[in-house]
Amino acid sequence: MTEEKIITWLPACNTHDVPVNGGVCVKYHDQQIALFHFSRRGEWYATQNECPHRKQMALSRGMIGSQEGEPKVACPFHKKTFSLVDGHCINDEDECSLTTYPVKVENDMVYIGFTEENGRDTEGILA
Amino acid sequence: MKVVVIGNGMVGYKFCEKLIAKSSAEKVEIVVFGEEIRRAYDRVHLSEFFSGKSAEDLSMSSTTWYEENGVKLHLGDPVQSIDRPTKTVHSYKGITENYDVLVLATGSAAFVPPIPGVDKEGVFIYRTIEDLEMMQAYAKKAKKGAVIGGGLLGLEAAKAMLDLGIADTTVIEFAHRLMPRQIDDAGSGILINKLEKLGLKICTNKNTSEILGENAITGMQFTDDTKIDVDMLVISAGIKPRDELAKLCGLEVGHRGGIVVNEKLQTTDHSIYAIGECALYNGMIYGLVAPGYEMAEVVASHLVEENKSFTGFDMSTKLKLIGIDVASFGDPFVASHECRTVVFEDTMKGIYKRINITDDGKYLLGGILIGDAEAYNMLLQTAKNKIVLPPNPEDVILGSRGGESEGGAGVLSLPDEAIVCSCESVTKAGICTAVAEQGCETIDAIKKCTKAGTGCGGCVPMVKDLMVHTMKAQGKYVRNVLCEHFNYSRQELFDLIKMHQLKSFDAVLDKLGKGDGCELCKPPVVSIIASLFNEMILVKGNDTAQDSNDRFLANIQKGGTYSVVPRIPGGEITPDKLIVIGSVAKKYNLYTKITGGQRIDLFGAHLSDLPAIWEELIDAGFESGHAYGKSLRTVKSCVGSTWCRFGLHDSVSFAIRIEERYRGLRSPHKLKGGVSGCIRECAEAQSKDFGIIATEKGWNLYVCGNGGSKPQHALLLATDLDSDTCIKYIDRFLMFYIRTADPLTRTATWLNKMDGGIDYLRNVIVNDSLGINEQLEADMDSFVESYKCEWKEAVENPNIRKRFSHFVNAPEEKDPTVVFEGMRDQKKVKDWK
Ligand code: SRM
Ligand SMILES: Cc1cc2nc3c(=O)[nH]c(=O)nc-3n(C[C@H](O)[C@H](O)[C@H](O)COP(=O)(O)OP(=O)(O)OC[C@H]3O[C@@H](n4cnc5c(N)ncnc54)[C@H](O)[C@@H]3O)c2cc1C
Ligand code: SF4
Ligand code: FES
């Protein structure tokens, strides 16, 4: 995803609001985004919060880790695991992929990037 | 020699790969024409395009493969004619190439029955990535879907429609059952049931007479005068071999299509071959990839003067639909007078298995598996390799009952030349050699080295069995390591963590592991840390390494709310405390139920309400019941001698004492206990991890019982103990279990795997045969002393408390997607799809 296409950077929260090597859920209008601080790797990731398996709003409460170097999150419900990089389901090739979002950190503030594709800035507030 | 290949599909590509492997570049020149705009891709896994695989992910080769191997590739340029006398082909873009050998690998197209209206907008076929792209775009505005064809592909297309978000999808099959070529009526019945549970509607015996709508489809009319509303349709009614080029240049084709070939895959012109789905061998089109690959192998061999022939191919298949096992192998339908048929059917569980065996009961001819196809590979091999069946042939579908389990010995009985991976033609010997001689000791290594398991993936469990057996046969110790991040078993890690006094997951990973950890290693490691040091589980960065239920000190429920289970030791509770539970449940709108563990579960709590709920419960004297942890659940009691006319001792008091002793103890799996006041055993103590039954002289102690899916009675460890000795033995028993069991292994399974069984265990616990009992008791004492209610600590610690909110940027708001419904004066969560 290229920077040019990003139309909104949502200031989501402070870096210390997110647990070390864990996730939180961020509200953006009627969307829920799971934001992860993979502190061990010094990386930030954001995906949709809804697990495509049973449509549960739970990925932000999932456990993160890696498999052969690929950072992933495991859904708390049935342990489907998804790549944090491109959202594909790692342990079930028939499962749908997650939408992922770019993240940046500036002055301790974490921002999630929305593009025309992944975001629905319905009220145009942040545009 | 110049070889021209027409068609860059799965088989055409595989042919190039095989020919290159067999010959040297100087000798063979290869030119490929492909009509599609992409390099050959994995059509078998086409549906994964909808779950996010890109065209590139599905590609069979890297971008540079053709160039690196000197193959000239013309994409998006179909061949339009073949001139046999001059041995040349002419393409759409005007290229002319001459050939010494021509290989037709033109595959097939979807067969579209001539129903009026099939050309309407919204009607699709399911064959190429472009078809899928068009479907994906159209599905956005479609609500009601249908698929014509209830065969292998039709069902796959129907599942794809569900995945595209069209929840209302109907499968229309002309025959009176689904997958008519693979399964029988009874099997189809069970399959329909299962598909309906996925949300599909199934209509068999339906013949479409017209597709309705102005420009776009709006409905379907059937010959029985019924109709349905539909705004998107996929036709998957069979395949039609692409034999048009062959026909045009005068090669013989079958009257129902297909290029006629001999056992060398030569067409009626011997310098022209046909392979894959366009070839008609012995009156048959092979619509699967494995026979196509075999054909590619035969032609490539023939060209380098190896002698191989095609003699037909097994059409066994397994459906790849997620969640439903359907397989058919060998001859699934042999008429009953030539053979015996054994059928096993469980309509409750949705399992149907049928095997056809020779009259003398010796050999397996074929069969059908629905609902449980675990045995597919083994049965397929048994049929293909004519392996003699056991004396009770039904054992192969029912498992041998009573005796030793088959335990994978099955794979050992296969002959070396048995094809284990039929997609890539890898034999048993091929896999065993890779393990024994090339040192492949993981599935991934075997995949890389032999290609086994890289096609449909169906053989992977069997490959794994072979790998384990080969390694064991070499005297290699197959260790139960946790995962890729730790090369240790749980028991080894326990000792190492203790020795190095490592108190956080990261410290353990830095010292003993590698990488970042994952959901397989984090929970057992933090559980070990909790067992050893008994610090609050949500501190020191260990919180996010806890299983999600532990992380929020509650069990997550359907819909994303949580349950609250206060401890009620021994099942004894005062009326006042009952009132508190009732009023808390009312205040926070919770569903209440008495559990099977003699206590009360409050369900449906929002994450952000948990701390407040617990605060009120704790104020009233309750503690965490650890219903979420791999830790002590309940010690069930019967009322005992205080009230019961048969009671020998006060079982309630003893149960409370024990439950309070071990509450909060983290272990490899959950722990349950029971105390009964006499041999009538009303507390069901013999089904618990540790169970105690009063005798005239004291207590009998039983261990390693289990309920769950494989119930097992506890075994007697010691008799007529006084209360203190009984507790001492339980201390030792639990600590020994915590030290040595694998993750998620209940005490029953732990004992089942223990060499020497209960006698060995008794020796350790009662006779101190390992000399560790003093240590075990000391460990338990220090645990008991340091116990604190973790919910109390959580509600009192603002930093931990803050984590109990759904939105980090709107902590006061609850998850708006949680929806409840009413039921019998309480609430229930809305069902998931
Ligand atoms: C609530 C309860 C059912 C009920 O309404 O009665 C229950 C509910 C659950 N049980 Fe159970 N079990 C409950 C009594 C039992 C019993 C009966 C008993 O304890 O006397 C058994 C069989 C006895 C045994 O464990 O040996 C039982 C055997 C299981 C098993 C299978 C364990 C096994 O060894 O195979 C699981 C799965 C697991 O733990 O992996 C399980 C798992 C579960 C889970 C945690 C499933 C899950 O992961 O979400 C359920 C969640 C409850 C929740 O959200 O609070 N539950 N479960 C019972 C709670 C008892 C309590 O007060 O703590
Ligand atoms: C959705 C789906 C699921 C499937 N699932 C399974 C499964 O689980 N197991 C299984 O064994 N099989 C499965 N199959 C079948 C399997 O994909 C085929 O058997 C296999 O692709 C056949 O390979 P092929 O090379 O013969 O034909 P194809 O892969 O169709 O390749 C033929 C190629 O030739 C091209 N071509 C045709 N005419 C010309 C011309 N004149 N000039 C140039 N190029 C031309 C075509 O455009 C095409 O690209 C599935 C198929 C589909 C569509
Ligand atoms: S038996 Fe199954 S459904 Fe019932 S509570 Fe236990 S785990 Fe849940
Ligand atoms: S809901 Fe996420 S894995 Fe099932």
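How far does a polar side-chain atom of B:Arg599 lie from an oxygen atom of ligand 1? The gap is 2.7 Å. Keep in mind as you look around that this is a predicted model.

**Around ligand 1**

Let's stay with the ligand for a moment.

| Residue | Distance from a side-chain N or O atom to an oxygen atom of ligand 1 |
|---|---|
| B:Gln557 | 2.4 Å |
| B:Arg599 | 2.7 Å |
| B:Asn555 | 3.3 Å |

**Two loop residues in chain B**

Now for B:Asn706, which sits in the loop that links β36 (699-703) to β37 (715-721) of chain B. Is B:Asn706 buried or exposed? Its relative accessibility is 12%, and buried means under 20%, so B:Asn706 counts as buried. Skipping residues up to four places away in sequence, B:Asn706 touches B:Ser687, B:Pro711, B:Gln712, B:Arg746 and B:Ala748.

Compare that with B:Pro180, found in the loop between β11 (168-172) and α6 (185-198) of chain B. Its relative accessible area is 28%, which falls between the 20% and 50% cut-offs, so B:Pro180 is partly exposed. Leaving out neighbours within four places in sequence, B:Pro180 is in contact with B:Gly150, B:Glu173, B:Ala175 and B:Phe333. There's also B:Leu152: it is 28 residues from B:Pro180 in sequence, and the two C-alpha atoms are 9.5 Å apart in space.

**A sheet in chain A**

Over in chain A, three strands form an open sheet in the order β7-β8-β9, with antiparallel pairing. Why do β7 (63-67) and β9 (81-83) of chain A each have one side without a neighbour in the sheet? Both stand at the edges, so each has just a single partner strand. On average, neighbouring strands of this sheet are turned by 35° against each other, if you ignore direction.

What holds strands like these side by side? In general, strands of a sheet pair through backbone hydrogen bonds, in a parallel or antiparallel way. In this sheet, β7 and β8 (residues 70-74) of chain A run antiparallel and are joined by five bridges.

How values were computed:
Residues numbered from 1 in each chain as written. Chains lettered and ligands numbered in written order. Predicted model: local features only at pLDDT ≥ 70, side-chain atom pairs only at ≥ 80, totals over all residues. Heavy atoms only, no water. Helix = DSSP H or I, 4+ residues; strand = E, 2+ residues; numbered from the N terminus. Buried < 20%, exposed > 50% of the residue type's maximum accessible area, 1.4 Å probe, protein only. Contact = heavy atoms within 4.5 Å. Polar contact = N/O pair within 3.5 Å; in protein donor to acceptor, adjacent residues only side chain to side chain. Pairing = 2+ DSSP bridges. Axes fitted to C-alpha atoms, helices over the stretch in contact; angles between N-to-C directions.
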